[in-house]
Amino acid sequence: MNPPFKKVLIYGLGLMGASLALAIKKKELGCEVVGVVRSAKSRSEGISQKIASQIFLEEDFLKSNSWNEYDLIVFSLPVDLTCDKIDLIPKNYKGYITDLGSTKKTIIQKVESKFTREHNYYSSH
């Protein structure tokens with residue numbers, strides 16, 4: 001069976017993001033899970049716990065501008081930070097976006113203002 005997504009980015013590997021990454025791994029879907037964290041300590045912990053196949057520090061990921069490499073982007077950040085990161089996604093991004101945020105109104109407004117035409121954002125959590 002082909003995986004529904006080949007490459008998944010989980011932006012934020014706290015409790016919820018890490019749990020999702022591990023659940024995807026456990027299902028053996030055949031997709032690569034990549035994480036983004038803000039601190040070297042979080043990166044080291046994530047690597048030692050094998051949470052994702054690759055874990056970037058936020059500053060390195062943002063410098064790479066590699067959003068389009070991912071079929072699915074999952075934001076596991078506070079709502080305001082999720083909105084900040086949505087601003088950084090290229091307008092030509094064709095993959096899927098979701099978030100694990102506590103509220104949706106602000107995130108939906110951000111997505112709809114960023115991607116004025118079609119988008120593949122689906123709220124979750």
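Where is N65 found? N65 sits in the loop between α3 and β4, and I'll come back to that residue at the end. Quick housekeeping, everyone: this is a predicted model, where local features need pLDDT of at least 70, side-chain atom pairs count only at pLDDT 80 or more, and totals for chains, interfaces and linings use all residues. Residues are numbered from 1 along each chain as its sequence is written, and side-chain values use heavy atoms, with hydrogens and water left out.

A word on names too: helices (H or I, at least four residues) and strands (E, at least two) are DSSP runs, numbered from the N terminus.

Okay, let's start with strand β1. Is β1 enclosed or open? Five of the five residues of β1 are buried, so the strand is largely enclosed by the rest of the structure. When I say buried, I mean under 20% relative accessible area; exposed is over 50%, and partly exposed is in between, with a 1.4 Å probe and protein chains only. In a regular strand, side chains alternate between the two faces of the sheet. Here both faces of β1 are covered, with K7, L9 and Y11 buried on one side and V8 and I10 buried on the other.

So who are the neighbours in the sheet? Two strands pair if DSSP finds at least two bridges between them. β1 pairs with strand β2, residues 32-37, in the parallel sense over five bridges. L9 has V34 as its bridge partner in β2. To get from β1 to β2 the chain passes through helix α1, residues 15-27, and this β-α-β crossover is right-handed. By that I mean that, with the strands pointing away from the viewer, the path from the first strand over the helix to the second runs clockwise. β1 also runs parallel to β4, joined by four bridges, and there L9 stands opposite I73.

Now, charges. Side chains of opposite charge can pair when their charged atoms come close. My rule for a salt bridge is a side-chain nitrogen of Lys or Arg within 4 Å of a carboxyl oxygen of Asp or Glu. The count comes to four salt bridges, and I'll walk you through some of them.

K7 forms a salt bridge with E69, and the closest N and O atoms are 3.1 Å apart. That pair links distant parts of the chain: K7 is in strand β1, residues 7-11, while E69 is in the loop between α3 (58-64) and β4 (72-75), 62 residues apart. E69 is partly exposed at 45% relative accessible area, whereas K7 counts as buried at 18%.

Next, D87 and K110, whose side chains meet in a salt bridge at 3.1 Å, N to O. Leaving aside neighbours within four places in sequence, K110 is in contact (heavy atoms within 4.5 Å) with C83, I86 and D87.

Then there's D99 with K104, where the closest N and O atoms are 2.5 Å apart. Both D99 and K104 are buried.

Which residue is buried yet has no salt bridge? That's K114, and the nearest side chain of opposite charge, D87, is 5.3 Å away. For charge, Lys and Arg count as positive and Asp and Glu as negative; His and the chain ends are not counted. K114 is in helix α5. Not counting residues up to four places away in sequence, K114 touches I86, D87, L88, I89 and K91.

Cysteines next. A disulfide here is a pair of cysteine sulfur atoms within 2.5 Å, and the count comes to zero disulfides. C31 is buried at 18% relative accessibility, and C83 is buried at 6%.

Last stop, the backbone, and back to N65 as promised. Phi of N65 is near 45°, a positive value in a residue other than glycine. E28 has a positive phi as well, near 50°, and is likewise a residue other than glycine. E28 lies in the loop between α1 and β2, and is exposed, with a relative accessible area of 71%.
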